[in-house]
Amino acid sequence: MFLHDVFPPECIIVNLESEDKDEVFEEMVDFFCQVHKLDAREDILNAIREREAKMSTGIQKGIAIPHGKCDAVDRVYGAIGISGKGIDYDALDGEPVYLLFLVIAPRQNTEQHLKVLKHLAELMENHQFYTDLQSQKDAQGAYKIISKYEDMIIALE
């Protein structure tokens, strides 16, 4: 499963309005449910909050990967949020978060869920990816950055 399939342009928000973690979860899940025409807002929010309660998914300077599993989806889906002002996220480093990668997977599909998280981790090893993605002003530009850096990783395999 490729990241450009999990995070299509219609699932990218480039101007998040939220100021804190709870707000951004709601903003991104509302957006996600609207795009995918899902009536599963509470299920998805609960899955994300349950995972977040174990440990912050604000894992790297300026980046968070809120994720969870629920029965509301039949495959791994994602959404990306980009914030220009930063979000108070209770990240492990205490810094604001500017890029969020929301990942929702079915409960029974652990392998694909982990594969998506692994691919994201590989992209985040390249600081230029973070810089390039955060500077995008529209969803199509953000999608092109994801595809470009993912293609670079694939070429090295």
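## Briefing: cores, helix faces and ring pairs

At 0% relative accessibility, Phe32 counts as buried (buried is under 20% relative accessible area, exposed over 50%, partly exposed in between, with a 1.4 Å probe and protein chains only). This is a predicted model, where local features need pLDDT of at least 70 and side-chain atom pairs count only at pLDDT 80 or more, while totals for chains, interfaces and linings use all residues. Residues are numbered from 1 along each chain as its sequence is written, and side-chain values use heavy atoms, with hydrogens and water left out. Helices (H or I, at least four residues) and strands (E, at least two) are DSSP runs, numbered from the N terminus.

**Aromatic pairs**

- A pair of aromatic rings gets described by the distance of the centres and the angle of the planes.
- Here, Phe, Tyr and Trp rings (six-membered ring for Trp) pair if their centres lie within 6.5 Å; planes under 30 degrees apart are stacked, over 60 edge-to-face, and the rest tilted.
- By that rule there are five aromatic pairs.
- One of them is Phe25 with Tyr89, an edge-to-face pair at 5.9 Å centre to centre and 80° between the planes.
- That pair links distant parts of the chain, with Phe25 in helix H2 and Tyr89 in the loop between S4 and S5, 64 residues apart.
- Both partners are buried: Phe25 has a relative accessible area of 3%, and Tyr89 has 0%.
- Phe32 and Tyr77 have ring centres 6.0 Å apart and planes at 80°, so this pair is edge-to-face too.
- Phe32 sits in helix H2 and Tyr77 in strand S4, so the pair ties together parts 45 residues apart in sequence.
- Tyr77 counts as buried, at 14% relative accessibility.
- Phe7, Phe101, Phe129 and Tyr149 make up one aromatic cluster.

**Nonpolar cores**

- In soluble globular proteins, nonpolar side chains tend to be buried together.
- A nonpolar core here is a set of buried Ala, Val, Leu, Ile, Met, Phe, Trp, Tyr and Cys residues joined through side-chain atoms within 4.5 Å.
- The largest one has 29 residues, and those with the most contacts inside it are Phe7, Phe101, Leu120 and Leu133.
- Two or more residues of this core come from each of helix H1 (3–6), strand S4 (77–87), S5, H4, helix H5 (127–134) and helix H6 (139–156).
- H6 is the top contributor to this core, giving seven residues.
- A second, separate core has 26 residues, including Phe25, Ile44, Ala47 and Leu100.

**Helix H3 and Glu52**

- H3 has 14 residues and reaches 21 Å from its first C-alpha to its last, close to the 20 Å expected at 1.5 Å a residue (the expected span is 1.5 Å times one less than the number of residues).
- Its buried residues are Ile44, Leu45, Ala47, Ile48 and Glu52.
- Looking down the axis of H3, the buried residues fall within an arc of 160°, so they line one face of the helix (the arc is that of the directions from the helix axis to the C-beta atoms).
- Glu50, Ala53 and Lys54 are exposed on the other side of H3.
- The buried residues of H3 pack against helix H2 (21–36), strand S3 (67–69) and strand S5 (97–105).
- Glu52, part of helix H3 (residues 41–54), is buried with a relative accessible area of 9%.
- Setting aside neighbours within four places in sequence, Glu52 contacts Lys21, Phe25, Thr57, Gly58 and Tyr89.

**Helix H4**

- The 15 residues of helix H4 (residues 110–124) should span 21 Å at 1.5 Å a residue, and the end C-alpha atoms are 21 Å apart, which agrees.
- Gln112, His113, Val116, Leu117, His119, Leu120, Leu123 and Met124 are buried in H4.
- They cover an arc of only 160° around the axis, which puts them on the same side of H4.
- Glu111 and Leu114, on the other side of H4, are exposed.

**Cysteines**

- The structure holds zero disulfides (a disulfide is a pair of cysteine sulfur atoms within 2.5 Å).
- For Cys33, the closest cysteine sulfur is in Cys70, 8.5 Å away and too far for a bond.
- Both are buried: Cys33 has a relative accessible area of 6%, and Cys70 has 1%.

How values were computed:
Contact means heavy atoms within 4.5 Å.
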